[in-house]
Amino acid sequence: MIYTEIVGTGSYVPKKVVTNTDLEQVVDTSDAWIQSRTGIVKRHMTELENTSDLAYKAALNAMEDAQIQPDMIDLLIVATVTPDAPFPAVSQMLQHRLKLNEITAFDINAACSGFVYALNVADKMIQSGAYQTALIIGAETLSKYTDFKDRNTCILFADAAGAMIIKASDKRKIRSIVTYSKGDYEGLLSMEGYPLKVNYSTPTQPRPFIQMQGTEVFKFATKVLPKTVIKLLENENMTLNELSLIVAHQANRRIIDYAAKILKFPLEKMYVNIDRYGNTSAASVPLAIDEAIKTGALKKNDVFITVAFGAGLTWGGALIEL
Ligand SMILES: CC(C)(COP(=O)(O)OP(=O)(O)OC[C@H]1O[C@@H](n2cnc3c(N)ncnc32)[C@H](O)[C@@H]1OP(=O)(O)O)[C@@H](O)C(=O)NCCC(=O)NCCS
């Protein structure tokens, strides 16, 4: 039987930091409101780098961490809703730039759940025996289609990339992954089209932006987050107290707190970095996992659950031993 394990992680955020105080100059909001309603203090936004640039740097970081050479990677999946172009895919741009062999490379769009979807697909492709080593990336430049006149959304979204390398293994480390979607709620969080270039200026046409029914999305997230955790534990016949950490998609601090309360799970074991990065969609989960590992919040042999939810609606999670 072929199993999979994580052998390295990496991440990258653009240099420019946008604080809540900066946003006070742009929309009618306040640092106090943003912190109390979302937990966000600051976030990173790109100036000239596009999604493939952020993904490239996160990938290099993960390859170095895993001590993996380019010719060892035979599968590349990028999860993004903010590609540089409709085609070629970000994954093909990266395949060239990272000097990978002529391998299977493609993008996935499952919004903020994209990385968990990519992990599920890569895990199954490796388990089939056809692939050995996968580079999986979640990368976004959400600032390119954020409406900086809409205080409901512009305070939430930001830019980042996270990467992970998983390999075929005889140890059952990545244990259970689930992914779901429910298309009948697509209107709760949507985007009709978007500029693909970063630093999009002086548009001559009205441009479409992210549309979000925040309260409804909040209700959906607080329902599926605990449900997914319980499902993963049931799949593995495990209990909550066997988990070292839950690394949830960083959409709103209150969603994370609420899920901990519903699950009766210690709040200090819910990983939080939304204060520093905001909601980075498909990058959120791999960025948080990388940070948790690099700061020692997750250690070798720790068992953790990662869980994500987003537009689609989509959601999913994974139960993993490091
Ligand atoms: C968006 C979100 C932070 C709004 O928080 P909320 O507590 O639900 O706030 P509401 O939308 O009920 O708005 C409450 C009030 O604050 C106002 N408000 C909204 N954004 C504001 C801001 N940035 N600054 C100040 N006031 C704001 C509203 O206009 C409203 O004012 P009103 O009562 O005069 O109409 C919250 O709903 C949320 O995080 N939802 C989930 C979003 C999400 O996770 N999306 C991505 C999923 S992957």
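**Note on the predicted model: a helix, a ligand site and some ring pairs**

1. Glutamate 291 is a buried residue, with a relative accessible area of 12%, in what should be read throughout as a predicted model. This glutamate belongs to helix α9, and its side chain makes two polar contacts to be checked in the structure: one with the side chain of asparagine 273, at 3.3 Å, and one with the side chain of arginine 276, at 2.8 Å.

2. The helix around glutamate 291 deserves a look as a whole. Helix α9 spans residues 284-294 and is mostly covered, with 9 of its 11 residues buried; among them are Val285, Leu287 and Ile289, but also Ser284, Asp290 and Glu291. After α9 comes glycine 296, which has a positive phi, near 85°.

3. Which residues come nearest to the ligand? There are 23 residues around the ligand, and Thr29, Arg37, Arg151, Gly214 and Asn252 are the ones that come nearest. By class, this shell is made up of 10 nonpolar, 9 polar and 4 charged residues.

4. Several individual distances describe how the ligand is held against polar atoms of the protein. For asparagine 252, a polar side-chain atom lies 2.7 Å from an oxygen atom of the ligand, while for glycine 214 a backbone N or O atom lies 2.9 Å from a nitrogen atom of the ligand. A polar side-chain atom of tryptophan 33 lies 3.5 Å from a ligand nitrogen atom. On its own the ligand has 960 Å² of accessible area, of which the protein covers 73%.

5. Helix α6 provides the largest share, with 4 residues.

6. Turning to the aromatic side chains, a search of the whole structure finds 3 aromatic pairs. The pair of tyrosine 180 and tryptophan 315 is stacked, with 5.6 Å from centre to centre and 25° between the planes. This pair links distant parts of the chain, since tyrosine 180 sits in strand β8 (residues 174-181) and tryptophan 315 in strand β13 (residues 314-321), 135 residues apart. As for cover, tyrosine 180 counts as partly exposed, at 29% relative accessibility, whereas tryptophan 315, with a relative accessible area of 8%, is buried.

7. Why is the pair of phenylalanine 220 and phenylalanine 309 called edge-to-face? The centres of the two rings are 6.5 Å apart and their planes stand at 85°, so the pair falls in that class. Because phenylalanine 220 lies in helix α6 and phenylalanine 309 in strand β12, the pair ties together parts that are 89 residues apart in sequence. Phenylalanine 220 is buried, with a relative accessible area of 11%, and phenylalanine 309 is buried as well, with a value of 3%. Ring pairs join Tyr180, Phe220, Phe309 and Trp315 into a cluster.

8. Two asparagines, each found in a loop, can be set side by side. Asparagine 50 is placed in the loop between β3 (42-44) and α3 (51-66); it is buried, with a relative accessible area of 10%, and its side chain makes a polar contact of 2.9 Å with the side chain of lysine 144. Asparagine 101 lies in the loop between α4 (90-97) and β5 (104-108) and is partly exposed, with a relative accessible area of 39%. The C-alpha atom of asparagine 101 is separated by 36 Å from that of alanine 251, which is 150 residues away along the chain.

Terms used:
Residues are numbered from 1 along each chain as its sequence is written. This is a predicted model: local features need pLDDT of at least 70, side-chain atom pairs count only at pLDDT 80 or more; totals for chains, interfaces and linings use all residues. Side-chain values use heavy atoms; hydrogens and water are left out. A residue is near a molecule or strand if one of its heavy atoms lies within 4 Å of it. A polar contact is a pair of N or O atoms within 3.5 Å; within protein, one must be able to donate a hydrogen and the other to accept it, and residues adjacent in sequence count only if both atoms are side-chain atoms. Accessible areas come from the Shrake-Rupley method with a 1.4 Å probe; for residues, only the protein chains shown count as cover. Ala, Val, Leu, Ile, Met, Phe, Trp, Tyr, Cys and Pro count as nonpolar, Asp, Glu, Lys and Arg as charged, and the others, Gly among them, as polar. Rings of Phe, Tyr and Trp (its six-membered ring) pair if their centres lie within 6.5 Å; planes under 30 degrees apart count as stacked, over 60 as edge-to-face and the rest as tilted. Buried means under 20% relative accessible area, exposed over 50%, partly exposed in between (1.4 Å probe, protein chains only).
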